[in-house]
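Me: I am new to this structure and would like to learn how to read it. Could you take me through it step by step?

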Amino acid sequence: MSNIRIPKSWELPERLATPEDVYLDRRRVVKAMGLATVGALLAPQVGCAERLVLGDQSGMTTPAVGDRFSDLFPAKRNEKYQLGQGRPLTPEKTAAAYNNFYEFTTAKGKVWQLAQGYPVDPWTVEVTGLVEKPRTFDLDSLFRLAPLEERTYRFRCVERWAMQVPWTGYPLHKLLKAVRPLSKARYVRFVTKLDPKGMPGQKAAYYPWPYYEGLRMDEAMNELTFVTLGIYGHGLPMQHGAPWRIVAPWKYGYKSPKSLVRIELVEEQPGTFWNDLQPREYGFFSNVNPSQPHPRWSQAVEEDIGSLEKRPTLLYNGYQDEVSKLYDGKEI
Ligand SMILES: Nc1nc2c(c(=O)[nH]1)N[C@H]1C(S)=C(S)[C@@H](COP(=O)(O)O)O[C@H]1N2
Ligand SMILES: [Mo]
């Protein structure tokens with residue numbers, strides 16, 4: 001749990017309150033700059049001009065692991081995972097230039113530049129806790145643990161933007177089975193990279209770094225939950241969470257942590273970064289649900305970051321066939 005006091009949303013004028021952010025940050029900005037300039041700085045996050053990518057885009061989509069695993073890409077597409085309803089694939093550069101990765105910056109349009117060149121090789125992932133065979137994976141054992149496949153998934157951020165991208169990887173249950181979970185293990189806790197020297201956003205000390213997340217064991221073992229090593233047919237560029245991340249496409253995007261270094265199998269429900277910061281706004285389960293509004297905005301509609309089309313949000317982001325069996329409707 002963090003000990004920081006987060007000012008409540010009613011303590012700031014509504015127009016300064018932006019999604020998935022901490023008001024303390026705003027207050028500092030307001031104080032430092034004076035109110036007049038703040039409006040321009042805090043462009044609305046849904047439908048904003050940040051998506052226009054200007055200037056030099058070289059390296060924007062380059063895999064952070066370089067060509068080290070290029071023999072594994074592109075992986076064969078698993079046709080079971082269709083976008084449905086005529087949804088188009090998001091253009092690669094649109095997805096690459098509009099990111100949430102607070103370790104680098106809260107400015108979505110700048111993450112790719114600040115993240116570019118971040119070193120991810122060597123990298124290790126410790127899988128530990130309530131398991132028979134705790135194990136530390138290096139990049140080779142992680143990338144080569146199971147055959148890679150490509151899946152096109154819908155992806156929905158709690159801030160209402162949505163995209164459709166092809167991820168490459170394998171189901172998380174393959175990684176978890178390799179360490180033999182004990183029956184006592186009921187939750188999985190994910191811990192990501194801590195490096196305030198290399199990740200400029202981690203200098204913002206009021207966030208409880210490193211970013212951490214969690215899933216219930218049955219959610220982690222679900223076929224959809226994906227160890228994600230690539231996107232658009234190649235390794236992940238840094239801004240998408242290289243060298244690897246989780247993708248859980250029926251949940252809001254913050255449940256898909258990037259750049260993981262440790263997985264712990266635990267008995268009790270673990271804390272999560274956003275739930276600890278703003279428990280009123282971000283639950284543990286955080287399943288996409290059009291009829292469960294966020295305290296500050298409706299979730300009924302989403303906006304596609306590629307086409308800018310607005311469309312109805314789908315329960316479980318459209319993955320109800322795969323996941324509704326996990327829930328009794330009370331989870332938030
Ligand atoms: N480590 C880490 N993982 C993270 C985040 C973050 O700030 N740090 N942001 C989350 C949020 S809010 C979203 S919407 C997705 C965005 O993924 P993308 O930038 O690849 O689209 O990453 C998630 N994973
Ligand atoms: Mo998000």
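Reply: Let's begin with cavities: on a 1 Å grid over the protein atoms alone, a cavity is a set of points where a 1.4 Å probe fits but cannot get out, and lining residues have an atom within 4 Å of a point. Grid points are joined across faces, edges and corners, and a volume is the space filled by probe spheres set on the points. Before the numbers, two notes. This is a predicted model, in which local features need pLDDT of at least 70 and side-chain atom pairs count only at pLDDT 80 or more, while totals for chains, interfaces and linings use all residues. Residues are numbered from 1 along each chain as its sequence is written, chains are lettered from A and ligands numbered from 1 in the order in which they are written, and side-chain values use heavy atoms, leaving out hydrogens and water.

Me: How many cavities of 30 Å³ or more are there?

Reply: The count is 1. The largest cavity has a volume of about 280 Å³. Its lining has 22 residues, and Asn100, Phe101, Arg245, Gly253 and Lys258 lie nearest the centre. Strand E5 (residues 161-171) gives the largest share of that lining, 3 residues. As for the labels, helices (H or I, at least four residues) and strands (E, at least two) are DSSP runs, numbered from the N terminus.

Me: How do I read a pair of aromatic rings?

Reply: In general, such a pair is described by the distance of the centres and the angle of the planes. Rings of Phe, Tyr and Trp (its six-membered ring) pair if their centres lie within 6.5 Å; planes under 30 degrees apart count as stacked, over 60 as edge-to-face and the rest as tilted. This model has 25 aromatic pairs by that rule.

Me: Are tyrosine 102 and tryptophan 274 buried or exposed?

Reply: Buried means under 20% relative accessible area, exposed over 50%, and partly exposed in between (1.4 Å probe, protein chains only). Tyrosine 102 is buried at 6%, and tryptophan 274 is buried at 2%. Now try a second pair: tyrosine 212 and phenylalanine 273 have ring centres 6.2 Å apart and planes at 75°, so they too are edge-to-face. That pair links distant parts of the chain, with tyrosine 212 in strand E7 (residues 212-216) and phenylalanine 273 in helix H8, 61 residues apart. Tyrosine 212 is buried at 9% relative accessibility, and phenylalanine 273 is buried at 0%. One aromatic cluster includes Tyr102, Tyr212, Phe273 and Trp274.

Me: Which charged residues lie over a ring face?

Reply: The rule is that a charge sits over a ring if NZ of Lys or CZ of Arg is within 6 Å of the ring centre and within 35 degrees of the ring normal. Arginine 154 lies over the face of tyrosine 319, 4.2 Å from the ring centre. Lysine 255 lies over phenylalanine 284, also at 4.2 Å from the ring centre.

Me: How do I read the sides of a helix?

Reply: An α-helix has 3.6 residues a turn, so residues three or four places apart point the same way. In helix H6 (residues 172-179), the residues Leu172, His173, Leu175, Leu176 and Val179 are buried. They cover an arc of only 160° around the axis (taken from the directions from the helix axis to the C-beta atoms), which puts them on the same side of H6. Just after H6, arginine 180 takes a positive phi of about 55°.

Me: And how are strands paired?

Reply: Two strands pair if DSSP finds at least two bridges between them. Strand E2 (residues 124-129) and strand E3 (residues 135-138) run antiparallel, joined by 4 bridges. A hairpin of 5 residues connects E2 to E3, and glutamate 126 stands opposite threonine 136 in E3. E2 also runs parallel to strand E11 (residues 260-266), again with 4 bridges; there, glycine 129 stands opposite leucine 265.

Me: Where are the cis peptide bonds?

Reply: One joins aspartate 121 and proline 122, with omega about 5°. Another runs from alanine 242 to proline 243, with omega near 0°.

Definitions and conventions. 1 Å grid on protein atoms, 1.4 Å probe; cavity = no way out; pocket = protein on both sides within 12 Å on 5 of 7 lines; lining within 4 Å.
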